[in-house]
Amino acid sequence: ALVLALLLVIVGLGFKMAAVPFHFWTPDAYDGAATPVTAYMSVVPKVAAFAATIRILVQALGPLRDDWVNVIAVLALVTMTFGNVVAIAQRNVKRMLAYSSIAHTGYMMVGLAVYDATGGLGGGDAAGDAGIAALLFYLLAYAVMNIGAFAVVAWLQHRGWGMTLDDFAGLGSTQPLAAAAMTVFMLALMGIPPTIGFYAKYRVILAAIETGTLGLWLALAVVVLSAV
C-alpha cells in the first residue's frame, strides 16, 4: 500500500513537472495561451513542482529512496529523450520551447535521481547533497533562460511576428537586438559555455558521475541528448 501510494504521488508530481508520460497538456497549453502567460506557466509551476518533490521525496520519504529512485531515473531518461527528439520536428517556436521545457525537466530529474539518502539531506553525504544542489541551481538557470526566451518571443509577437521557424528567418537583419538576445538564450538552453545553462548541466553531470553506475549512465544520457 505504501509503494502504491508513493507511485501515485510521483504521478501527481510528474504531471506538475511535465515529465513524460504525464506531459500531454504541456505543448497545447503553451501554444494556446498568451505568450506572457506561457512564460509564467513554463517556469513558476515547474519550480513549485520540483520544490514540492524535494520536500516530499527527499525530506519526508528519504528513507524510502530505494523504492522511488529507480522510478525517477527512468522518468528522467524517458523525459529528456522524448522532449529533445520531438522538439526537432516542431515548426512552431512556442511548441518547440514547450518540448524543450519537457527535456529540461528530464535533466533536472537526474539531480533528484542521484540523491543518496545516507545521513539525510545536509547530513554529510556530499554526493547525495550535490544532486539536490545541482537541481536547485538548474532551476534557477532554467527560470532565467526560459523567461528570457519567451520574453523575446512575446516582444516579437507584439510587433506582428509569426511564430513559425520560417517567420524567424532573417531576424538578425531586421531585429538585430532581438535576434542577439534569442541567440544567447538558445545557446544557454543548449548548454553551450560560458552560458548559465552550461554550468547548470555541468553540475548535474558532475553530481551524477559521483554517485556510481546509475548516475554514470544518466550523465552520459544528459551529454548525448544535449547534443540532440
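By class, 12 nonpolar, four polar and one charged residues line the largest pocket of this predicted model. Nonpolar here covers Ala, Val, Leu, Ile, Met, Phe, Trp, Tyr, Cys and Pro; charged covers Asp, Glu, Lys and Arg; the others, Gly among them, count as polar. The model is predicted, so local features need pLDDT of at least 70 and side-chain atom pairs pLDDT 80 or more, while totals for chains, interfaces and linings use all residues. Residues are numbered from 1 along each chain as its sequence is written, and side-chain values use heavy atoms, without hydrogens and water.

The largest pocket holds about 340 Å³ of space. A pocket is an open set of points on a 1 Å grid over the protein atoms alone, where a 1.4 Å probe fits, with protein on both sides within 12 Å along at least five of seven lines; lining residues have an atom within 4 Å of a point. Its volume is the space filled by probe spheres set on the points, which are joined across faces, edges and corners. Of the 17 lining residues, N84, S100, L189, M190 and V228 lie nearest the centre. Two or more lining residues come from each of α4 (65–88), α5 (93–113), α9 (176–190) and α11 (213–227). Helices are DSSP runs (H or I, at least four residues), numbered from the N terminus. The largest share, six residues, belongs to α5.

The backbone has two cis peptide bonds to note. One joins V20 and P21, with omega about 10 degrees. P21 sits in the loop between α1 (2–17) and α2 (25–32). Another joins P193 and P194, with omega about 5 degrees. P194 lies in the loop between α9 and α10 (196–209).
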